[in-house]
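This report is meant for a reader meeting the structure for the first time. Please look through the sequence and the model before reading on.

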Amino acid sequence: MVTHPVQQVVSSKGASITNEEELKNKLVTMTRIIVKERMFGPFGHISVRVPGKELFYITPGQFGNKQGIGVDDLVGVDFRGKKVSGANAPPRETVIHTVLHRRREDAAAIAHLHSYYATTLSICGMKFVPLHVNARPFVDNPPPVWVDADLIITEDEGEKLAKFAGNAPAVLMRGHGAVTIGKSIEELLLVTLTLEEESRRLIETASISTVMPLTADEFRHFKHRTLDLDRMAGKTWETCVAEL
Ligand SMILES: [Zn+2]
């Protein structure tokens, strides 16, 4: 198995690492975490936008060995959806990322995965509700369900999906998967893992008892310091990296 440095690496130029290189390394790290969590099968992709540029990097399409993806395997794509760097082909559904990166300032990092529990929830006909205090990212904007199960491959389809998402940090895609969004890679990891965990909790709870969701009012009055999103994202990242 090919291994890659988990945290920062020294630039091949020997100089201090650039922001762009650091982002690419973080994208590789997040990919490895999602593989380890068994949420990244043959399909799905993750991207990160480069601040100040109309450019993002995305994991390649049709790349069987996701665990082995390195920075050189990433594909650079501009805001028109055109590949600008990398030897690999971009994924077929790259337009999901192109449109969201272009439209939403808060969409700095995006994942589209076919993860099991989020996909299962998408076909249950149940609305997503927060069940755990860690569901904080979804309290104000619970993920809506995009009903069309087909792939998103045209600009028009991407625009419609982005418009449908509104300001939500995630969209469940019926019988297909989910899109998750973060203002940083760390927040994307938090949103992605929490969506899967809360989807599982909801499905399992509903199968044995009445669900008693937490309310927005409860969240407003919680004393937990850990409910600060940046703090939650940082802690989640730190824990997952340590477990790699
Ligand atoms: Zn897909």
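At what angle do H5 and helix H7 pack, and how far apart are their axes?

## Confidence in the model

The model is predicted, and the protein chain has a mean pLDDT of 90, with 92% of its residues reaching 70 or more. Where pLDDT is low, the predicted coordinates should not be read in detail.

H5 and helix H7, which covers residues 229-243, pack at an angle of about 85°, and their axes are 8 Å apart. With angles of 65 to 115 degrees counted as roughly perpendicular, H5 and H7 are therefore roughly perpendicular to each other. On the H5 side the contact is made by Glu 186, Glu 187, Leu 189, Leu 190 and Leu 193, while H7 brings Leu 229, Met 232, Ala 233, Gly 234, Thr 236, Trp 237 and Cys 240.

Helix H1 (residues 19-36) also packs with H5, at an angle of about 15° and with the two axes 10 Å apart, and H1 and H5 are therefore roughly parallel to each other. The residues that make this contact are Lys 26, Leu 27, Met 30, Ile 33 and Ile 34 in H1, together with Ile 185, Leu 188, Leu 189 and Thr 192 in H5. H1 passes H5 in a right-handed crossing.

## The largest nonpolar core

The largest nonpolar core has 53 residues, of which Leu 27, Val 171, Ala 178 and Leu 188 touch the most other members. Helix H5, residues 185-208, gives the most to this core, with 7 residues. In soluble globular proteins, nonpolar side chains tend to be buried together.

Val 171 can be followed in detail: leaving aside its neighbours within four places in sequence, Val 171 is in contact with Pro 143, Pro 144, Trp 146, Leu 161, Phe 164, Ala 165, Ala 178 and Val 179.

## H2 and its surroundings

Helix H2 (residues 94-103) is mostly covered, with 8 of its 10 residues buried; these are Thr 94, Val 95, Ile 96, His 97, Thr 98, Val 99, Leu 100 and His 101. The buried residues of H2 pack against H4 and against several strands, namely E1 (45-49), E2 (55-58), E3 (75-78), E5 (109-113) and E8 (177-182).

The axes of H2 and H4 come within 8 Å and cross at roughly 55°, so the two helices are oblique to each other, and their crossing is right-handed. Here Val 95, Ile 96, Thr 98, Val 99, Leu 100 and Arg 103 of H2 meet Glu 155, Glu 157, Gly 158, Glu 159, Leu 161 and Ala 162 of H4.

## Two exposed residues

Is Lys 163 buried or exposed? Lys 163 lies in helix H4, residues 155-165, and counts as exposed because it has 10 C-beta neighbours inside 10 Å. Although Lys 163 and Leu 100 are 63 residues apart in sequence, their C-alpha atoms are 9.1 Å apart in space.

Glu 218, in helix H6 (residues 216-221), has 12 C-beta neighbours inside 10 Å and therefore also counts as exposed. Glu 218 and Ile 123 are 95 residues apart in sequence, and the distance between them in space is 28 Å, C-alpha to C-alpha.

How values were computed
Residues numbered from 1 in each chain as written. Predicted model: local features only at pLDDT ≥ 70, side-chain atom pairs only at ≥ 80, totals over all residues. pLDDT = per-residue confidence, 0-100. Core = buried A, V, L, I, M, F, W, Y, C linked by C-beta atoms within 7 Å. Buried ≥ 20, exposed ≤ 12 C-beta atoms within 10 Å, placed from the backbone. Helix = DSSP H or I, 4+ residues; strand = E, 2+ residues; numbered from the N terminus. Contact = placed C-beta atoms within 7 Å. Axes fitted to C-alpha atoms, helices over the stretch in contact; angles between N-to-C directions. Parallel < 35°, antiparallel > 145°, perpendicular 65-115°, else oblique. Left-handed = near helix turned anticlockwise from the far one by under 90°.
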